[in-house]
Amino acid sequence: MGRKSRSENLLNNLPQLQNLIKRDPHSYQEEFVQQLSHFEASLAIFELKPDEEAKEFGELINFLSQVAKCYPKKSTRFPKQLIDLLQKHYPVLNGDLRKAIVQALILLRSRGVVSNLRVMPLFFTLFRCRDKGLRKLLYTHIINDVKLANKGKHRNHKLNKALQGFMYTMITAADAQDKHGEGALAAKKSLDVCVELYRKNIWTDAKAVNVIAQACFSPITKVMMTAVQFFLNPQKRSGDNDESGSEAENDGSTKKKFVNIQMIQHQSNVNKKTKYRTRVMSRVARAHRREQAKKLGQLPASDEEDDDDEVTGGKKKKKNAGKPIVNFDVLSLIHDPQGFVEKLFARVHSSATSTKRGGNTVDRFEVRLVLLKLISRLIGHHQLQLMAFYPFLQRYLQPHQVDVTQILAVLATGTHAFTPPDVLQPLIRAIADNFVADHCSPEVMCAGLNTIRAIATRQPLSVDPDLLNDLVLYRKHKDKGVMMAARSLLALYREVNPEMLHRRDRGREATIGLISGTTDKTLLGFGASRAAEGVDGVELLERYEEKAQPAAVADNEDEWAQWEVASSGDESEVGSESEWVSASNGAGEDTGDICLQSSSSEDSDDESEEDLDSECDDDDDDELASGSEEEEEEDDNEDDDVAEVSASAPAAVSSGPAKPAEKRRIDMTRFLTNEDFDRIDRLKKRQKSASQKPQAKKQKADDGYSDSDSDDMQVDDDDSGSGSSGEEDESKDYVDDWDILGDYHSRRRRRKATYEERTSTIMAGREGREKFGSSKAKREKEGRSLSNKEKRKTKDYKMIAHKRSVVTKGKRSLVQKRRDLRKHIVKQKKNGF
């Protein structure tokens, strides 16, 4: 009886039975079969009243899910029974029981008892339940499960394709268009899953992006705003995902530590400089750069653990930590961007012109402004044509308009090189009339000038010369922000088209180029483009390599010269004179060396003749147009001279060394690697920073960067941590509202310079200014000390109180003091004080 009672108690004590089965599955197989039969009977009874609490039934489901892996053959029907139960009765099930069943399915899925293709559609369907805790649990599991299925380089395309199609169905379903229905909840959570998987670099293909793009047309504002904000900033997590976005990493583990780079920079500027704080600052800057690289798609999101280690100073490293990954921009992956933009603009236009009468839904102004931002980004990125977009914005170009800086930024972002200038000119005129006027405040004038400059940067033909010269006059305005904005507009047109400016405003380089006719700063017509010759900035790379490896280049040239001499000597020994004589038309008959030089010189002379003939032909065409006979005679004389030079070339070559051939560009002789392009970018930044220094005007025009070899050698070692914000500005292809206000009037201030930066600036300003130095510096340079008279002026009074001159000075009478005071006053007046 005792053994029987123990077995009965064991069947009632499920946790103890679960422990025993996991230890010895074979010995407790009968007990498991009894519990499985009990579950099937309880399931048949429960389906009669599915809205009951059924607490014991939930405990039984939890027990079977824990031990089902120990008996795979006997528990084959168990997962299907749970899935069918949820599909039939999920709306009416008790919340705790429904959550217990979902947890059981998640456990079975994690142990491989059931495939993800069977449970994923069910989990997306359960997003319709009005249970926030359940939706959070499902969201976390779906993210982690898809992440594990696409771990590393492996991609489960079958699962991804099925889930993306299911998400598209849920987002575009008919019940998902009602904001009060359950379909809206499922559409919102499905969209959050798709966005989060893109941010983790798991779903970065065009299909996932276009699934999100379909949500931009949803009548539900919350769903639509989530999709639009994703396209505006793909890597920024929205506030709606806070409930599960950060917890989706490790299933309830500690959240990732957030580091405020601005606060740490401020602390480093205020606090005392120590080695420890310098190390902390460099570590945080390194982590910040990695975060920026991930935002730009240059690093995989799986390296987030490495960022934690860098911030906390850990030693953990991954093998593929720095391996780059290439992702396309989300705006580039949208199918049919023209149709997409037209649909979005139709919604904005209807909301701006319609009313709420008849139950119509009208979007708020803030929502329309976000849609306009996305429309302008797409127009500028794909260079689309949407003519109705620009007149629509003209109604908002008033200084008193709410968020007018964002509207101005939208207008500038939506402009590109193929936007017709006649469409933009009315808007430019409206901005100039409403914003750039003497009755406006400096902030308004600065915003107007910066907007015109941003538009002119993308389409220089949009500003007519009269208006441009009027705006340039504000470069002498008393407000610094207005003055800086006007000077930036002047500098822009000095670079792109100086002919539109007055002669006094063109600048020295542009004036010399226009007079000599050697400038290429001529503005092309609308739709025209100038063909590029070679890689931009390759001359900087060539100059850098010449300075970096001068000895190696010289050795290489000596080796080639020796090889040519040896090869020519061998040919002369072989005696192949007749072949070279025939090739050179008998120009040399003594040795093979002379014949070889003459033949090579003839080839170079033939090339020079062809070049000169082509130049003469061009000159002849110009002469026909001008009709001048003197120039024709000069060209004939040039032809005769060219003929004489070509005829006498072999003799000259035979008497002297051959002329070196014209040096080719580096991109014509070898393939440029990614390191070469990165070095070109760094050299361009160095050249740009060098041009902004005070002594940059004194340098030669052809000096691209610092002349010192030490600076050239440090190009590869430049740390871009301090310029991370500048890199972000260069990488973005849109205009922000901070750019419209400018650095002076916006809240964005320039970072405080470090001690090393201030010291380097001071030392750079002292170069060539010895005559303006202090007396102490001059004295130290001359190698002398202070005189006794100079030292006496700095002595303490107690050291000179016993001196006769001091004692006598204190014993003067009032008459003598008055006379001394008058003499001092007269002397001061003579000196101009």
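**Chat about a predicted helical model**

Reader: Hi! Starting with a cysteine: is Cys70 buried, exposed or partly exposed?

Author: Cys70 counts as partly exposed, at 28% relative accessibility. Here buried means under 20% relative accessible area, exposed means over 50%, and partly exposed is in between, with a 1.4 Å probe and protein chains only.

Reader: And what kind of model is this?

Author: This is a predicted model, where local features need pLDDT of at least 70 and side-chain atom pairs count only at pLDDT 80 or more, while totals for chains, interfaces and linings use all residues. Residues are numbered from 1 along each chain as its sequence is written, and side-chain values use heavy atoms, leaving out hydrogens and water.

Reader: Thanks! Back to cysteines: is Cys129 buried or exposed?

Author: Cys129 is buried, at 5% relative accessibility.

Reader: How many disulfides are there?

Author: There are zero in the structure, counting a disulfide as a pair of cysteine sulfur atoms within 2.5 Å.

Reader: Let's zoom out. What is the secondary structure of the protein chain?

Author: It comes to 40 helices and zero strands. Both are DSSP runs numbered from the N terminus: helices are H or I with at least four residues, strands are E with at least two.

Reader: How much of the chain is buried?

Author: Of its 833 residues, 36% count as buried.

Reader: What share of the contacts comes from residues 24 or more positions apart?

Author: Such pairs account for 68% of the contacts with a separation of 6 or more, where contact means heavy atoms within 4.5 Å.

Reader: Which residues of helix 4 are buried, and what do they pack against?

Author: Among the buried ones are Phe57, Leu60, Ile61, Phe63 and Leu64. The buried residues of helix 4 pack against helix 2 (14–23), helix 3 (29–46), helix 5 (78–89) and helix 6 (95–110).

Reader: What is the phi of Ala54, and where does Ala54 lie?

Author: Its phi is near 50°, a positive value in a residue other than glycine. Most residues other than glycine have a negative phi. Ala54 lies in the loop between helix 3 and helix 4 and is partly exposed, with a relative accessible area of 23%.

Reader: Switching to charges, how many salt bridges does a search of the whole structure find?

Author: It finds 15, a salt bridge being a side-chain nitrogen of Lys or Arg within 4 Å of a carboxyl oxygen of Asp or Glu.

Reader: Which residue does Glu40 meet in one?

Author: Glu40 meets Arg77, at 2.5 Å from N to O. Glu40 lies in helix 3 and Arg77 in the loop between helix 4 and helix 5, so the pair ties together parts 37 residues apart in sequence. Glu40 is partly exposed at 27%, whereas Arg77 is exposed at 51%.

Reader: What about Arg670?

Author: Arg670 forms a salt bridge with Glu545, with the closest N and O atoms 2.8 Å apart. Arg670 sits in the loop between helix 30 (666–669) and helix 31 and Glu545 in helix 25, so the pair ties together parts 125 residues apart in sequence. Glu545, Arg670, Asp676 and Arg679 are linked in a network of salt bridges.
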